[in-house]
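Work through these exercises with the structure open beside you. Try each task before you read its solution.

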Amino acid sequence: MKRRVVITGMGVIAPNGHGLEEYEAALREGRSGIRYIPELKELNFACQVGGIPQGVEALRESYFVPEQLVSMNENIGYAAISAIDAWKDAGLTVPSFDSDEVDWDSGIIVGSGIGGMDTIANVVVPMVNAGKVKRMGSSIVEQVMNSGTSARVGGLLALGNQVTSNSSACSTGNEAIFEAMMRIRNGLAKRMLAGGTEGASPHIWAGFDAMRVLSKKFNDNPEQASRPLSASAAGFVPGSGGALLLLEDLETAQARGARIYAELLGGHVNCGGHRMGGSMTAPNPEGVKRCIRAAIADAAISAQDIEAINGHLTATFADPYEVKNWTEALERGPETFPYIQSTKSMIGHCLGAAGAVECVAVVLELYKGFLHPSVNSSDVHPDIAAFSKSIPQQALECPDLKIIAKAGFGFGDVNSCLIFKKWEE
């Protein structure tokens with residue numbers, strides 16, 4: 001029996017807001033979290049703006065005791081805060097550290113695109129080069145190993161089911177949610193936290209600046225810098241943050257009287273194989289279209305049922321191609337094309353956290369009945385001008401909105417697509 005999967009809790013720490021209430025308000029207002037970062041200028045970055053959550057140090061100190069903070073870098077911190085928020089939001093209790101009880105029915109899949117690079121750059125490399133290995137401390141390994149993030153949350157919440165960190169570039173968050181859905185569907189877990197996290201560090205962003213794919217024309221006007229779908233798009237804006245969604249099988253959620261935000265109908269992940277135009281940095285269009293169609297089939301809906309798309313849409317040359325892939329995959333031209341939006345227009349590209357932070361936006365939109373705008377997109381790219389009416393320029397009240405598709409296309413030619421549905425009793 002294929003179990004139905006619903007979302008019963010969420011936690012988010014984004015460049016434009018921490019917590020569901022603040023994040024929703026920012027989305028509705030089209031409020032940007034992108035700011036000028038003086039450190040990037042000092043380091044001779046071409047791009048000197050980015051999306052970084054604010055007030056994090058105070059948050060960390062309010063959530064964790066000093067002994068915990070010693071081994072909690074930014075990457076792990078974003079995930080831990082989001083996980084605790086999601087857990088409590090779902091009506092669950094954070095266990096005490098002196099309890100011997102383990103929750104064998106609950107697990108977590110949370111990944112990063114790059115991970116603890118700040119710890120490697122600021123601590124490991126300097127201390128090793130200085131011959132001070134013995135003074136690095138015992139917490140370094142858990143901060144830099146890829147699975148350190150999920151392991152830390154697993155300990156905070158006494159999770160006894162699968163506890164794993166994944167990594168699939170920009171598709172990481174979506175992939176984690178997909179894998180968690182499949183585990184619940186197959187009866188291997190009753191509930192799973194799933195999402196992504198990414199720290200803010202020049203050492204994480206430097207490679208992208210070197211590739212010249214970051215925005216550099218709006219350093220003096222940060223809120224205008226991220227311009228998905230726009231004719232004046234000038235590259236993506238690096239971002240950071242974290243988000244976790246609590247996925248739960250419907251029967252378990254209903255039995256405990258949980259509030260249900262939305263249902264995750266289905267999804268798909270694949271790779272274009274670096275063929276037919278696909279490469280480490282570009283998607284194979286056929287792979288993208290196959291991913292979308294397979295997600296629709298898995299959700300047991302038709303392409304006509306999709307009312308809105310929360311795209312990958314990074315503000316690079318790829319945006320018009322993404323719209324073209326969607327129109328071909330859905331077989332819906334400009335006249336019948338669904339709404340399409342980019343959360344990155346307000347928060348930048350949060351890399352491994354992007355999919356999860358944007359999935360929280362999607363679920364909020366379904367639960368509250370609205371669509372957020374794609375800011376800075378009024379000058380729609382000429383190649384997709386025919387789709388202009390499908391790109392919201394301001395928040396839209398949509399009380400009858402039922403189905404949103406969420407996409408993620410990442411470095412390595414990897415693709416992901418999730419189908420969310422408004423919860424109806």
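**Exercise 1. Find how β9 (262-271) and β15 (residues 414-422) are joined, then look at the other partner of β9.**

Step 1. β9 and β15 run antiparallel, and nine bridges join them. Helices (H or I, at least four residues) and strands (E, at least two) are DSSP runs, numbered from the N terminus. Two strands pair if DSSP finds at least two bridges between them.

Step 2. Turn to strand β1 (residues 5-14). β1 pairs with β9 over three bridges, in the antiparallel sense. Here Val6 has Glu263 of β9 as its bridge partner.

A note on the source: this is a predicted model, in which local features need pLDDT of at least 70, side-chain atom pairs count only at pLDDT 80 or more, and totals for chains, interfaces and linings use all residues. Residues are numbered from 1 along each chain as its sequence is written, and side-chain values use heavy atoms, with hydrogens and water left out.

**Exercise 2. Describe the partners and the surroundings of β14 (403-410).**

Step 1. Eight bridges link β14 to β15, and the two run antiparallel. Ile403 has Lys421 of β15 as its bridge partner.

Step 2. Look at the link. β14 and β15 form a hairpin with three residues between them. In the turn, Gly412 has a positive phi of about 100°.

Step 3. Strand β10 (residues 308-310) runs parallel to β14, with three bridges. Asn310 stands opposite Lys406.

Step 4. Sort the side chains. In a regular strand the side chains alternate between the two faces of the sheet. From β14, Ile403, Ala405, Ala407 and Phe409 point one way. Ile404, Lys406, Gly408 and Gly410 point the other way.

Step 5. Check burial. Buried means under 20% relative accessible area, exposed over 50%, partly exposed in between (1.4 Å probe, protein chains only). Eight of the eight residues of β14 are buried, so the strand is largely enclosed by the rest of the structure.

**Exercise 3. Which residues of helix α3 (residues 56-63) are buried, and which are exposed on the other side?**

Step 1. The buried residues of α3 are Val56, Leu59 and Arg60.

Step 2. Look down the axis of α3. The buried residues fall within an arc of 100°, so they line one face of the helix. The arc is that of the directions from the helix axis to the C-beta atoms.

Step 3. Ala58, Glu61 and Ser62 are exposed on the other side of α3.

Step 4. Link this to helix geometry. An α-helix has 3.6 residues a turn, so residues three or four places apart point the same way.

**Exercise 4. Where do His274 and Met276 lie, and are they buried or exposed?**

Step 1. His274 is in the loop between β9 and α12 (285-298). Met276 is found in that loop between β9 and α12 too.

Step 2. Read the backbone angles. Phi of His274 is near 55°, a positive value in a residue other than glycine. Met276 is not a glycine either, and has a positive phi of about 55°.

Step 3. His274 has 32% relative accessibility, so His274 counts as partly exposed. Met276 has 61%, so Met276 counts as exposed.
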